[in-house]
Amino acid sequence: MYPVQTGPQTLQSPVAPTSFPLRRRRGPAAVHHSHSSVSKADRNPLIQSLCKKGQLKPAIHYLSLEQNPTQHTYEILLQSCVQHKSLLDAFDVHRKLIDDGFDQDPFLATKLINAYSELDSLQHARQVFDELPRRTIYVWNAIFRALCLSGYGEEVLSLYRRMNRIGMPSDRFTYTYALKACVVLDSDSLLRALGWGKEIHAHVLRHGYESHIHIMTTLVDMYGKFGYVESASRIFSAMPVKNLVSWTAMIACFAKNSRAFEALELFHRMILESEEDMLPNSVTMVSVLQACAALSALEQGKLIHGYILRKGLDSILPVMSALITMYARCGKLDLGERVFAQMDKRDIVAWNSMISGYGIHGLGLKAIAVFQEMVRQGVSPNSISFISVLGACSHSGLVEEGKSLFDSMVKVHGIRPSVEHYACMVDLLGRANRFDEAVKLIADLRDEPGPKVWGSLLGSCRIHCNVELAERASQRLFELEPKNAGNYVLLADIYAEARKWDEVKRVKKVLDAKGLQKVSGCCWIEVGRKIYSLNSVDELNPQIEQIHAFLVKLSEEMMDMGYMPETKVVLYDLDVEEKQRIVLGHSEKLAVAFGLINCSKGETIRISKNLRLCEDCHSFTKFISKFARREILVRDINRFHHFKDGECSCRDYW
Ligand code: ZN
Ligand code: ZN
C-alpha cells in the first residue's frame, strides 16, 4: 500500500480480506461451467435488469458466465454493490473486470474508485488509482473526492501537487476538491492549509474560474474556517450568482467568527434579495440560531423558531440543539427546557446544550442532575459534556461535586481529561480561592498546561487579587501567547486592584511597545426585533448624545442615592473625576441607557457583551435595576447576570 502521512484514521479497510490480489490473472481466464440456459449474447441486458431489480447475487452469477461484459454492465453492477453495501461483491466484480482486460479503462477505474469510496474502502480506491497508467481528469477527481470525503486533506494536496507537476490541467471539480482538502486539514496545520488555500485560489483566478459558483462558495467556506472574514466577504460579494449554499456559507462564516450581527444582517438580506425557491435549510438555521444566541436576540430567535416549525425542520437534531442553546443564551431558559422536553429523540449534542444552558445561568445542581439523567438513560457523556458540567460547577461554586465528576472521567467513563478539562478544574478551584489545590493540579499535568489552563488561573487571580500567582501565570502566558493583549490587560487589572501603579505603567508600556491593541468592549441590545450594537468608542449611533446626557443625569441622581462608581477598573492613575467619566462610557452602560430610553415600560432589557462585565458596570446595573424598577439581563463572555431589585443572580461571583 502507500505511506500514510497524516489523517484522522489509518488507511485500513475494516473488511478487506487478507488475500485479495487485484492483478490480472496469468493465462486464460478461468473456465466457467455454464449452469444457465440464457444464451451468451443476451447476458448483458439480463445482468443489467437483475441489478435494477435489486437482485445482485444472480447478476454476479451471470457476470461470471458472460464472455464480453460491456462497460455499462460493469457500471451498473458497481452501483448495485454500493446500494447493497457489499464490499465482497464489489471485489468479485473488480476481479472479473481485471480478467476481462478492463483494468486499464479510465472510465471503469473512476467507477471503481467511487464505489470503493462509498463502501469505505479507501485503500482499494487508492490501489485502483495507483495502478492505472493513463489517468484522465475524471480519475484524478474521483480519487480527490474519495480522499476528501474521508478527511485525507493532506493526501489530496500532495496528489494535487503531483498533478500540476506532470502538467495535467485541473477542472472546476479539481479546484473544489483541492480547496475542500484545505478545509479538512488538521487544525495543527492551519497555517500550511491557509498557504495552500491561497495558492489554489491564485490558480483558480489564473484559469478564469472567478465566477464559478461551487469554487467560490468553497473559497468562502475555506477563508471562513481560517478566520479571514474580509476575504470571504469580498469573494461572496463579487459572486454574480449565489445559491443557498453560498449564502449559508457566508452566514456561517460570520456566525463562527464572532460577527453575529453581520450574520443576522446577511440572513435578512438573503430573505429579501434571493429568489423565492431559495428557502433557508437546516444548515442555514443552525448558523442563524448561533448568531441570535451570541446577540441575545430573543425576538429574532423566536421568529426563526416559528419558521422551523412551519417548515417541519423540528425533527432535525442539530436544529433543536441550536434552539436550546439560543433560548438559554437569550435568558429564556424555560423555553430551552421546553424544546428539550419536547424532543422524542436526543443526541449527545442536545444533552450537552441543556447542561451548558443551566451552567451559564448559574444553576450548577440542575446541570449535574441533567448530566446524571443522561448517563442513566444510557447516553455516554463525551468530552464536551464534561466541559459543560465542570463549567457549571465552576459558575456555582460546587467544588466537591466538580472534583468528583472530574475523578469519574477516567474511572467511570474512560475519558482521559484534556487540557480543557484541567482548565475547568483550575477555574473551579481558583474561583473558590483554593489556589494550593489549583497549583498542585497544574503540577500533576503530564502535558504542557497551555494557555487555557494558565488563563483560567490568571482569571481567578483577578477575582481574589492574588498578585504573586498572577505574575507567575502571566509570565507563562506571555511566552505562550505573545500577541494576546488580553493577558497583559488582565495582569494590569490585577496590579491596579492592588494599587500598584508603577507595575500598571510597566505592563502598559510593554503592551504599547509590542503594538498590541486591547479588544474594545462591545454590547448588543435588541429593541423591537432590531439589533443595535453599542461600543465605548462608537459615535455612530445617532442617539449617542442623548444616551450620554441621560447617563450623566442618571449617575448624578444615583450618586445622590448612595451609588459610588467603582473606578479601580480604570488602569490609569488619573484623578477620580476623570476615571468616573471613563467608566461611565463603558459599552454596557450605554446599552442599559439605550434600553431604558427605547424599550417599552416594564419590558426586560436584554444585553450581550463580548468581554467580561467589569465591577463598576455590575454594581451600576444592580443599582439601576432597583432605581429604575427594571429587570435587566446581561450575558457576558462567562455567564448570565439577571439584575432585579438591586441584586444580581450571580451573587457577585463571576
Ligand atoms: Zn464596565
Ligand atoms: Zn452578576
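## Cysteines and disulfides

The structure holds 0 disulfides, a disulfide being a pair of cysteine sulfur atoms within 2.5 Å. Cys 148 is in no disulfide, and the nearest cysteine sulfur, that of Cys 182, is 8.9 Å away. Cys 148 is buried, with a relative accessible area of 10%; buried means under 20% relative accessible area, exposed over 50%, and partly exposed in between (1.4 Å probe, protein chains only). Cys 461 is likewise in no disulfide, with the nearest cysteine sulfur, that of Cys 465, 9.4 Å away. Cys 461 counts as buried at 0% relative accessibility.

## Basis of the model

This is a predicted model, in which local features need pLDDT of at least 70 and side-chain atom pairs count only at pLDDT 80 or more, while totals for chains, interfaces and linings use all residues. Residues are numbered from 1 along each chain as its sequence is written, chains are lettered from A and ligands numbered from 1 in the order in which they are written, and side-chain values use heavy atoms, with hydrogens and water left out.

## Zinc ion, ligand 1

His 586 (ND1), Cys 614 (SG) and Cys 617 (SG) coordinate the zinc ion (ligand 1) at 2.0 to 2.2 Å. Donors are N, O and S atoms within 2.8 Å of the metal (3.2 Å for Na, K and Ca); water is not among the atoms, so sites may look incomplete. The donor residues of this ion are spaced H-x27-C-x2-C in sequence. His 586 lies in the loop between helix H30 (576-584) and helix H31 (587-598), and Cys 614 in the loop between strand S3 (605-609) and helix H32 (615-627), so the pair ties together parts that are 28 residues apart in sequence. Helices (H or I, at least four residues) and strands (E, at least two) are DSSP runs, numbered from the N terminus. Cys 614 is buried, with a relative accessible area of 11%.

## Helix H4

Helix H4 (residues 87-99) has 13 residues, which at 1.5 Å a residue should span 18 Å; its end C-alpha atoms are 18 Å apart, in agreement. The expected span is 1.5 Å times one less than the number of residues. Buried residues of H4 include Leu 87, Phe 91, His 94 and Ile 98. Helix H2 (56-65), helix H3 (71-83), helix H5 (106-118) and helix H6 (122-130) are among what covers the buried residues of H4. Just after H4, Gly 101 has a positive phi of about 80°.

## Helix H25

The 15 residues of helix H25 (residues 450-464) should span 21 Å, and its end C-alpha atoms are 22 Å apart, which agrees. Among the buried residues of H25 are Trp 454, Leu 457, Leu 458 and Cys 461. The buried residues pack against helix H23 (419-431), helix H24 (435-444), helix H26 (467-480) and helix H27 (485-497), contact meaning heavy atoms within 4.5 Å. Cys 465, which follows H25, has a positive phi near 50°.
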